[in-house]
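Please look over the model below before reading on. The report then works from the whole fold down to single residues.

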Amino acid sequence: MSFLARGEAGNPWFSWSYVRDNADTIRDALLDHVVITLWSVAIAVVIAIPLAVLAYWVRPLATPILTSAGVLYTIPSLALLAFLAPFMGTGRSPVILALTSYALILLIRNALTGLLQVPDDVREAATAMGYSRSARLWRVELPLALPGILTGLRLATVSTVALVTVGAIVGSHGGLGSLILAGFRNNYYKAEISTAAIACVALALVLDVVLMLVSRSLTPWTRRRGTL
């Protein structure tokens, strides 16, 4: 057996013994990954929905708002984290701030699209019934725009799960990315790298399915319309 073959045999891409022996480390990294993802997406939602409403009400602001969010999305993640680290340290804060900025464009664009797709006759009927602009937004337009908003939320969540791993490069809070980076530093330990990568993909799939089920439960009319 050649040296290369022996090396491959001693460094498999997956090892149950590694998972068993490092279960606590994997669990902690996964929990850190989930916490960073949820905080980033939640903060992005709080910022994005009002911006989408502002762009909806004041149409000339739509282009500047979308352009600004798009510019933030194009900044390389490593460059942004390297810029934030000296000011915010190497904890979770710079990672969450960076990921929040990346999620904005997905959330704003989909929320605004959903609002713009509300039929004109529905808006006119709500106005004729005496709804103010704010009441019409909360009772009519946002509920009808909910499918688009939830689609943006799903996209932003899956994207954020993938981007959390980059945080490991600038600090200790990169979730499963910390294990991937440790695997590269530990003589290219394949089992550690692949286990973290598989867990990351699985987390993204689980969150996407959960949000899909939430979306189906909150927007039952979209299912009925699809069966017509």
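**Overall shape**

This is a predicted model. The protein has 11 helices and 0 strands. Read from the N terminus, the order of elements is α-α-α-α-α-α-α-α-α-α-α. The protein is more spread out than a compact globule, because its radius of gyration of 22 Å is well over the 17 Å that the globule rule gives for 228 residues. The C-alpha trace spans about 80 × 45 × 30 Å along its principal axes.

Of the 228 residues, 40% count as buried. The protein exposes about 12,500 Å². Carbon and sulfur atoms supply 68% of that area. Take the contacts between residues at least 6 apart in sequence: 75% of them join residues at least 24 apart.

On charge, the protein has 17 positive and 11 negative side chains. The centres of the two sets lie 5 Å apart.

**Salt bridges**

Side chains of opposite charge can pair when their charged atoms come close. The structure holds 6 salt bridges.

Start with Arg27 and Asp24. Both lie in helix H3, which covers residues 23–57. They are 3 residues apart, about one turn of the helix. Asp24 counts as partly exposed, because its relative accessibility is 49%.

Asp32 lies in helix H3 and Arg92 in helix H6 (residues 92–116), so the pair ties together parts that are 60 residues apart in sequence. Asp32 is buried, with a relative accessible area of 8%. Arg92 is partly exposed, at 33% relative accessibility.

Elsewhere, salt bridges that share partners join Asp24, Arg27 and Asp28 into one network.

*Ala196.* Ala196 is found in helix H10, residues 190–218. Its relative accessible area is 0%, so Ala196 is buried. Which residues is Ala196 in contact with, leaving aside neighbours within four places in sequence? They are Leu176, Leu179 and Ile180. Val19 is 177 residues away from Ala196 along the chain, yet their C-alpha atoms are separated by 9.9 Å.

*Thr160.* Thr160 lies in helix H8, residues 133–163. Thr160 counts as buried because its relative accessibility, 3%, falls under the 20% cut-off. Not counting residues up to four places away in sequence, Thr160 touches Thr37, Ser40, Val41, Leu99 and Ala103. Thr37, Ser40 and Val41 carry numbers inside the 23–57 range of helix H3. Leu99 and Ala103 carry numbers inside the 92–116 range of helix H6.

*Trp13.* Where does Trp13 sit? Trp13 is in the loop between helix H1 (3–10) and helix H2 (16–21). At 44% relative accessibility, Trp13 counts as partly exposed. Trp13 touches Tyr188, Lys190, Ala191 and Ser194, with residues up to four places away in sequence not counted. Trp13 and Tyr189 are 176 residues apart in sequence and 8.2 Å apart in space, C-alpha to C-alpha.

*Leu51.* Leu51 lies in helix H3. Its relative accessible area is 28%, so Leu51 is partly exposed. Leaving out residues up to four places away in sequence, Leu51 touches Ile65 and Ile108. The C-alpha atoms of Leu51 and Ile65 are separated by 7.3 Å, and the two residues are 14 apart along the chain.

**Recap**

The protein has 11 helices and is more spread out than a compact globule.

Notes
Residues numbered from 1 in each chain as written. Predicted model: local features only at pLDDT ≥ 70, side-chain atom pairs only at ≥ 80, totals over all residues. Heavy atoms only, no water. Salt bridge = Lys/Arg side-chain N within 4 Å of Asp/Glu carboxyl O. Helix = DSSP H or I, 4+ residues; strand = E, 2+ residues; numbered from the N terminus. Buried < 20%, exposed > 50% of the residue type's maximum accessible area, 1.4 Å probe, protein only. Rg over C-alpha atoms; globule rule 2.2 N^0.38 Å. Contact = heavy atoms within 4.5 Å. Areas by Shrake-Rupley, 256 points an atom, 1.4 Å probe, with all protein chains shown as cover. Lys, Arg positive; Asp, Glu negative; His and termini not counted. Charge placed at Lys NZ, Arg CZ, Asp CG, Glu CD.
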